[in-house]
Amino acid sequence: MQVILLVLFALGWAFTVSLLMEQLARPLQTLANVVASLREDDYSFRARGARRNDVIGDLALEINALASMLQAQRAGALEAMALVERVMDTMQSPVLAFDPEGRLKLLNVAAERAFSLETNKALGHTAQKLKLAYLLDASNDDVLSLGAEQQQLTRWIVKRANFRLRGVPHTLFVLADVGTALREEERVAWRRLIRVLGHEINNSLAPIKSIASSLRTRLHAAPQTEERDDFERGLEVVENRAESLNRFLQAYRQLMGLPAPRFAKVDMASLIDRVAQLEVRLMVQVIPGDPVEVMLDPDQIEQALINLVRNAAEAALSPDAMNEDAPRVEMSWQHTGNEICISIFDNGPGLTNSGNLFVPFYTTKPSGTGIGLVLAQQIAEAHNGVVELRNRMDGVNGCEALLRIPFQAN
């Protein structure tokens, strides 16, 4: 009988201990699962039975508090990363980052455009493969010149810094465009020069034209002789050249006095169609792009496009054009997310001497003033954009003019 009682007592004790162990193991297993979830960056789980004045409850409270803190930190990190990506995508300066092995780990939209890269194809490749090894060799505050194949170099000042990503050191490069600042300084210098020259030339042109006109009038009363005809032709040349110089000077004054843009919402298709119809020497073919409305100054952008189309038409109609096809000018536009890119193609002779295209007073046309491209460039820069000219790369002789402006919906 005593043996039976002992057996029953032992069984009861074992059952009681197993229940206690179950009561202890289950909360601990739950806490272990929550900790494992935290290790896997899953912060959605919480421990049950969290209460004070209880050892397991206190531990559950602390683990839940840790999970809430990590969840908040993760949300803050994601928001900060989203903000960084948004800022980088809207930056006009190229930003790139490389790991210790020289593999590209980060780049923004401006860097894609500056180095002709695509994010999904470039990330993970070495700087040597991407032909960016010279960037890794650049020191802080070095000045790089890019775009030698275009009409003008884009000059960048290099800013480099080191940072750690997941404990691994990386090198960050930010390129600041100093070309715009230099061109602005150049425009200021031209403006001062034109102001001084304009004052002096105007003081001389007016009396020259007046005296030449008076002398021509008095010659009419003189007898008709060969010598009188020579004098009259000479005075006519002097008067005409004085008038031409005055028009030339006024055109440059107008260029240097370009007002600030007055932005309005404009339908891109309508704007392109209006510009195409203004060219009467040949038919400008418009290749439709995506329907889009953008904030810009319609008068200024239209004038810039008129100048670019006029140059394209003159190139296509030039006797130097080597194409067997009829003279042709095409216009198209493309909305590439953060910018609007308007392209103008011609089948003319292409660019030969491209170094002075955006220099005021420079022209290769007998009757040109040299302000068309400069004015287009100033209008683009007033819209935080850029004008580019380059030879066509599609196997056709001719030139491609690009007007890029940031996209603003409202």
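The structure is a predicted model, and its secondary structure comes to 10 helices and 12 strands. Of the 410 residues in the protein, 33% are buried, and the accessible surface amounts to about 24,800 Å², with 56% of that area belonging to carbon and sulfur atoms.

**Confidence**

- The pLDDT averages 77 over the protein, and 74% of the residues score at least 70.
- Over residues 148-152 the pLDDT falls below 50, although this stretch has 17 contacts in the model beyond near neighbours in sequence.
- Where pLDDT is low, the predicted coordinates should not be read in detail.

**Contacts and nonpolar cores**

- Among contacts between residues at least 6 apart in sequence, 58% join residues that are at least 24 apart.
- The largest nonpolar core holds 37 residues, of which Met268, Leu305, Leu308, Ile344 and Leu403 touch the most other members.
- Elements that each supply at least two residues of this core include helix 8 (268-278), helix 9 (298-316) and helix 10 (372-382), together with strand 8 (293-296), strand 9 (329-335), strand 10 (339-346), strand 11 (386-391) and strand 12 (399-406).
- Helix 9 provides the largest share of this core, with nine residues.
- Leu403, when its neighbours within four places in sequence are left aside, is in contact with Ile301, Leu305 and Leu308, with Ile340, Cys341 and Ile342, and with Ala380, Val386 and Val387.

- Asp99 is placed in the loop that runs between strand 1 (95-98) and strand 2 (104-107).
- Asp99 counts as buried because its relative accessibility is 7%, where the cut-off for buried is under 20%.
- A polar atom of the Asp99 side chain lies 3.0 Å from the backbone nitrogen of Glu101, and the Asp99 side chain also reaches the backbone nitrogen of Arg103, at 2.7 Å.
- Apart from its neighbours within four places in sequence, Asp99 is in contact with Lys105, Pro169 and His170.

Methods. Residues are numbered from 1 along each chain as its sequence is written. This is a predicted model: local features need pLDDT of at least 70, side-chain atom pairs count only at pLDDT 80 or more; totals for chains, interfaces and linings use all residues. Side-chain values use heavy atoms; hydrogens and water are left out. Helices (H or I, at least four residues) and strands (E, at least two) are DSSP runs, numbered from the N terminus. Buried means under 20% relative accessible area, exposed over 50%, partly exposed in between (1.4 Å probe, protein chains only). A polar contact is a pair of N or O atoms within 3.5 Å; within protein, one must be able to donate a hydrogen and the other to accept it, and residues adjacent in sequence count only if both atoms are side-chain atoms. Contact means heavy atoms within 4.5 Å. pLDDT is the predictor's confidence in each residue, from 0 to 100. A nonpolar core is a set of buried Ala, Val, Leu, Ile, Met, Phe, Trp, Tyr and Cys residues joined through side-chain atoms within 4.5 Å. Accessible areas come from the Shrake-Rupley method with a 1.4 Å probe; for residues, only the protein chains shown count as cover.
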